[in-house]
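This note is intended for a colleague who is new to the structure. Please read the points below alongside the sequence and the model.

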Amino acid sequence: MCVKIGVSRSTVREALRLLASQHLIVTTRGVTGGSFVAHPDAAQLADGLSTGFALLTHSAGVGMADMLELRRALEVPAAGLAAIRRTEAHLAELRNAFFDPEIDDFDTMLAAHSTFHRALAKATGNPLFELVGRPLYQASYGEEVVAALPEEYWFRIDADHRELLDHLAARDAEAATRTAARHLDYVAFAAADR
């Protein structure tokens, strides 16, 4: 490889290390070892997107309204697809993401919310929804946003998630998209600067 492309061994090693760190190749040792093109899943690829997304949200003036606009563009059609394509395993995964809104622990509820929406993206059967959506659900929220949330916020989120699951179970794509849109409208209203 070094002779063929005219670079040093250390350059080739560094390039292979970089490709491996980005989950683009898998390197194995031994007689049958070598470097092979990887077949990464959405979770692995989303790590790179999450880094870029975090940098943008903290330095380029990307705010909550921008994130919610992107969520609406992704999640509303995803809810309809999930209603059509979901499996019983997807429904179980969504049920497992429910939380008790009375626990009053923001981190626990936020993690459950994120798990629910990642499971919804997975239920579309299209790994690109998982890939693009994952960084959105890993976003951090500032203390000012958390402090401004209405008292009933997590109760409403929980009710919306349960209603959405009912529509998915019934394979009602139209109702699922309506509920997803209404859910995001509420999130936007609740998180808006007062």
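1. Contact here means heavy atoms within 4.5 Å. The model under discussion is predicted. With neighbours within four places in sequence left aside, L94 is in contact with F116, A119, L120, L165 and L168.

2. The largest nonpolar core has 18 residues. Those that touch the most other members are L94, L120, L164, L168 and A176. At least two residues of this core come from each of the helices α4 (64-85), α5 (88-96), α6 (106-123), α9 (153-169) and α10 (173-191). Another core lies apart from it and comprises 15 residues, including M64, F99, V187 and A191.

3. Which residues does H113 touch, not counting those up to four places away in sequence? They are R71, W154, I157, H161 and H183. H113 itself is placed in helix α6. The relative accessible area of H113 is 5%, and this residue counts as buried because the limit for that class is under 20%.

4. Is V7 buried, partly exposed or exposed? With a relative accessible area of 31%, V7 is partly exposed, because this class lies between the buried limit of under 20% and the exposed limit of over 50%. H113, in contrast, is buried.

Notes
Residues are numbered from 1 along each chain as its sequence is written. This is a predicted model: local features need pLDDT of at least 70, side-chain atom pairs count only at pLDDT 80 or more; totals for chains, interfaces and linings use all residues. Side-chain values use heavy atoms; hydrogens and water are left out. A nonpolar core is a set of buried Ala, Val, Leu, Ile, Met, Phe, Trp, Tyr and Cys residues joined through side-chain atoms within 4.5 Å. Buried means under 20% relative accessible area, exposed over 50%, partly exposed in between (1.4 Å probe, protein chains only). Helices (H or I, at least four residues) and strands (E, at least two) are DSSP runs, numbered from the N terminus.
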